[in-house]
Amino acid sequence: MTRLARILALMLLLLVASTPALGSGDPLRLGVITLSHPLMMYRQYLPFTDHVSEHSELTVELVLAKDYESIIRDLLDDEIDVALLGGLSYLEARRASADITPLCGVLSGDGTPTNRTVIFTRETGGSIATLKDLRGKRFAFASRHSTSGYLHPLCFLGKNGVERADFVKAENLRTHEAVVRAVLRGNYDAGAVSASTFMRFAGEGLKTLARTPSHPGFVFAARAPGIPRVERFRQFLLGMDYSSPELRSKAEGWSPLLRNGFVSVADSDYSKVRDLLQCAARYGYGG
C-alpha cells in the first residue's frame, strides 16, 4: 500500500470512528491507549465497539489516547466514560480518584484475568544465557506505567540479583512493540514485554530468558460508579458467550486482548499490583 493510500485509509477509519450510531442514547466513550499504529488500533478495536453497539442498545465511541498519562487524565476529566487500563495504570487512576471503578477484567488465553512478563534477548545474543548475564548490558523496559513491561520485570529481576543500576544502560520505551523491535535491531541486548506481545514476535529470532509469575492483567475501569450506560456496558461484556462459534469467529478480527472474554473484578483483585509497587521500589522504581 502506498503512503497516500495508507493516509486515505486512515482518514476513512477516523471518519468511521467519529460517526455516531449503531446504538441509541448518549454514547459511551471508550478509551484505549494507542500502543501501535493508529490505523492498526482502529482495525482491531472498531469491529469490537461496533459489535457492542449493534447488540447492546448502546452507542460506543472509540477514543484513542496517545499514552498512559493521557488516558488517565481523560478518565478523570470526564472526557471518556470507560478506559482499558493495565493493572498499574488502574491503580494510578484510582489513587487520583476513589470514584474510579473496576468494571471487568480481561481474560487471557489461559482463562484468567492475568498477564505475565517475558524477559528476552536475541537468539544470536550468545553471551547472555541467564538473568545474571544481563549485568553490564543494555536493557529496554516498556513505559513506566506498564505493569508487565516495567513494574513486574523490575521486581522480578531485582529478586533474581539484577537491579536497574546493574545495567550499563536501561531505558523505558513507549510501547512493548517498540521494546521488541529495539532489541531485534540490536539497540539493546535484552528487554521485557508482556507475554502476549512476545508471542506475536516469537518466530523472529527471540530467546526467552525468564517468564514471571502471573499478575493482574487488563481491566475496563469506569470514571465513576452508577452510570447507567456504563453498567449496561459491563453487563453486556460479562454476558458475552465466547463458547459461541459465531462470536469466536467474529472475535478473530478484534484485538487479541479482547478474544477470550471478561470476568467481574473488584479493587481488591489489584492488591498484588500494590505489592509489586513496593517490591519494585526496592530495585529502582520511581527513582
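Strands β3 (residues 82-85) and β12 (residues 219-222) run antiparallel and are joined by four bridges; strands count as paired if DSSP finds at least two bridges between them. Within this pairing, Leu85 has Val219 of β12 as its bridge partner. Strands here are DSSP runs (E, at least two residues), helices are runs of H or I of at least four residues, and both are numbered from the N terminus. The model is a predicted one, so local features need pLDDT of at least 70 and side-chain atom pairs count only at pLDDT 80 or more, while totals for chains, interfaces and linings use all residues. Residues are numbered from 1 along each chain as its sequence is written, and side-chain values use heavy atoms, with hydrogens and water left out.

Stepping back to the sheet, it is open and has six strands in the order β2-β1-β3-β12-β4-β13, with mixed pairing. The edges are taken by β2 (60-65) and β13, each with a single partner strand, so one side of each has no neighbour in the sheet. From one strand to the next, the twist averages 30 degrees.

Two helices pack on this sheet. Helix α2 touches β1 (28-33), β2, β3, β12 and β13, and its direction makes about 155 degrees with that of β2. Helix α3 (residues 68-76) touches β1, β2, β3 and β12, at about 150 degrees to the direction of β3. Contact means heavy atoms within 4.5 Å; axes are lines fitted to C-alpha atoms, for helices over the stretch in contact, with angles from 0 to 180 degrees between N-to-C directions.

On to the aromatic side chains: a search of the whole structure turns up 12 aromatic pairs. Rings of Phe, Tyr and Trp (its six-membered ring) pair if their centres lie within 6.5 Å, and planes under 30 degrees apart are stacked, over 60 edge-to-face and the rest tilted. Phe48 and Trp254 make an edge-to-face pair, 5.2 Å centre to centre with 75 degrees between the planes. This pair links distant parts of the chain, with Phe48 in helix α2 (residues 38-56) and Trp254 in the loop between α9 (245-251) and β13 (262-264), 206 residues apart. Phe48 is buried at 1% relative accessible area, and Trp254 is buried at 1%; buried means under 20%, exposed over 50% and partly exposed in between (1.4 Å probe, protein chains only).

Phe139 is buried at 0% relative accessibility, and Phe167 is buried at 7%.
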